[in-house]
Amino acid sequence: MYCRARTGLVVQLTDNTVDDFGAVYSPDGRRLAFVSNRDGDAEIFVMAATGGRAVQLTRNSLTPDGSPASDLAPAWSPDGRRIAFASNRTGVEPEIWVMDADGGNQTRLTTTEQFVFDTAPAWSPDGRFIAFVSNRVNDFNIEIFRMRPDGTDVYRLTTTEDGVFEGGPDWSPDGDRIAFSSNRAGRQDSQDLFLMDPDGGNVTPLAANPDGLDDVFPKWTSDGSQLLFQTFSDPVSGRLEDVWVVDADGTGYRRIVRARPRTPSPTPGPRRASFLGVTDELRTALSGALAEVHGRDIGPAVRRLIARYRSGDVPRTPILDGVEAVTAYAAYRMPATYAALREVFDQLGHLAPRTMLDLGGGTGAAAWAAVAAFPSLESVTVTDQSAAALDLGRRLAGTSASAVLRSARWRSQSLDAASVVQGADLVTAAYLIGELDLPARDRVIDQLAHVAGVAVVVEPGTPAGYRRVLAARDALIGAGLQVLAPCPHSRGCPLAGGPDWCHFAARLERSALHRQVKGAELGHEDEKFAYVVASREPAVDRCRGRVLRHPSIRKGLVTLAVCTRDVGVARTAVSRSQPLYRAARAATWGSPWPPADAAR
């Protein structure tokens, strides 16, 4: 994290290999509350405003369904004695909570249901109200509400039409106005800044940003004369750009912090948490395909898609059942699928497949990832039962500079208990087997075991997704294949039957559309996934161990949870005096351990 003084001096406050974000000053300016995933999940910490040792206030690991829990969006009460925040610890969607400033007395203020969320709390200066963002009235709208600090007297401040998304409420220091962002103006679906009275009346827009960017996350200066905010403009990446300031009357727009260009890590192997997301080429292709798509139009389709994916039920009809659903998938899921597959393929750098078959490949995310990872590829075939998905995939691939993608074959195929799968050097089934009934699932895995040179199965990083991958792993091993990744062995999984499960994460930037339909404050997300890669060839380059969680990094000591060949999951401590200390500090969740050069 960094802070910028009025003089323009920028000071670094934290230095971690993980993420610290969402910092807010206490009312007296002496402390900072912020979010960090330094313990593996998003938790809230507090430290001195000048930096130094951070104290962890919340400690969560899993929601009731086994998904990672997150505590986000801390907001100080005016007297500095309490902190409101958003948490999904009781279920899938976030709710508003409050706690003492030392982390005690954590109390839930709002209760949501599936696909309904409350987030982004903001205290009024007199401490009488907390404003927050929710879709509780209409699943297709994100609006602003307020309530008492005990969770009572919930009052709707804004009323919008379908597909309008409002967020980031912040009270002026005198309590007379609330600033927020919204796409209600219809300026090419862009987010602009607005002001309203504390009762929701007298909504007035500030002048649109002269650069035509999206203006989000407004924050009042302490004297109430100006608003700070951030911008994002790329319709696919949704990347947060610069920090701007505008006078409270809507004049005087000026940039005060210019974002640094982000570049890939120069180190080989797994990607660090680096916001890389999709390649520039795929981002450009998606931008062109979605150029005429507005959040207010696609929001309902994205939410229906989310609901179908999250239901856990085997779909009776195709999920991608038309152009609208396919467009929603491209905006919401294709970048995440690409990121997960690219992370998987990065573990297989020693392979040189010439042919690839992607089963149930939709719009071709796995094909794009494979072409980027394996220069050896000469031909790609993508199958799916959705004609609309294949059509969009063909159009996206047609814009690529890769002759392999441009010449890819897009073939209609429904997978069932009688399906016949063609052979290829590399055969992928990504986010597929969970959509098949058990007979079809068994048939596809059996076919993979017999026709694939290398078989790749990827599923969501949930306990249920892990169990499906584990069943596929057992079937592939039973058919005589050797596990290449992520496991360092082909024996039984040491986590099977326990409360933990094997999964990994790929970081990517949230698209602008995704942030709008989800009411998301963060510019990125972690795509959690479970996977197995198996081959009939001997696993000569298999790693000796795999890091299963974010490393715990303390002064002079790094502790890793490593799945090993010989003793199962072991905690490995590496101190500053040991030769691998620098490598341990650079290790990330999913990295081979020890590093390949140390393993020889």
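Here a residue counts as buried under 20% relative accessible area, exposed over 50% and partly exposed in between, using a 1.4 Å probe and protein chains only. The structure is a predicted model, so local features are taken only at pLDDT of at least 70 and side-chain atom pairs only at pLDDT 80 or more, while totals for chains, interfaces and linings use all residues. Residues are numbered from 1 along each chain as its sequence is written, and side-chain values use heavy atoms, with hydrogens and water left out.

Salt bridges come up first. With the term kept for a side-chain nitrogen of Lys or Arg within 4 Å of a carboxyl oxygen of Asp or Glu, the count comes to 15. One of them pairs Glu95 with Arg108, with 3.3 Å between the closest N and O atoms. Glu95 belongs to strand S9 (residues 95-100) and Arg108 to strand S10 (residues 107-108), so this pair ties together parts 13 residues apart in sequence. Helices (H or I, at least four residues) and strands (E, at least two) are DSSP runs, numbered from the N terminus.

Another salt bridge brings together the side chains of Glu378 and Arg354, at 3.2 Å from N to O. Here, too, distant parts of the chain are linked, 24 residues apart: Glu378 is in the loop between helix H5 (365-373) and strand S24 (379-384), and Arg354 is in the loop between H4 and strand S23 (355-359). Glu378 is partly exposed, with a relative accessible area of 48%, and Arg354 is also partly exposed, at 47%. Elsewhere, Asp391, Arg394 and Arg395 form a salt-bridge network.

Glu527 is worth a look of its own. The Glu527 side chain meets that of Arg333 in a salt bridge of 2.9 Å, N to O. The link spans 194 residues, with Glu527 in strand S30 (residues 524-535) and Arg333 in the loop between helix H3 (323-332) and helix H4 (334-346). Both partners are buried, Glu527 having a relative accessibility of 7%. The pair also counts as a polar contact at 2.9 Å, that is, a pair of N or O atoms within 3.5 Å where, within protein, one must be able to donate a hydrogen and the other to accept it, and where residues adjacent in sequence count only if both atoms are side-chain atoms. A further polar contact, at 2.7 Å, joins the side chains of Glu527 and Tyr431. Taking contact as heavy atoms within 4.5 Å, and leaving aside neighbours within four places in sequence, Glu527 touches Arg333, Ala336, Ala340, Tyr431, Phe504, Ala505, Ala506 and Leu508.

Two strands are said to pair if DSSP finds at least two bridges between them. S13 pairs in the antiparallel sense with strand S12 (residues 130-134) over 5 bridges, and Ile144 in S13 is the bridge partner of Val133. S13 also runs antiparallel to strand S14 (residues 155-156), joined by 2 bridges; there, Phe145 has Arg156 of S14 as its bridge partner.
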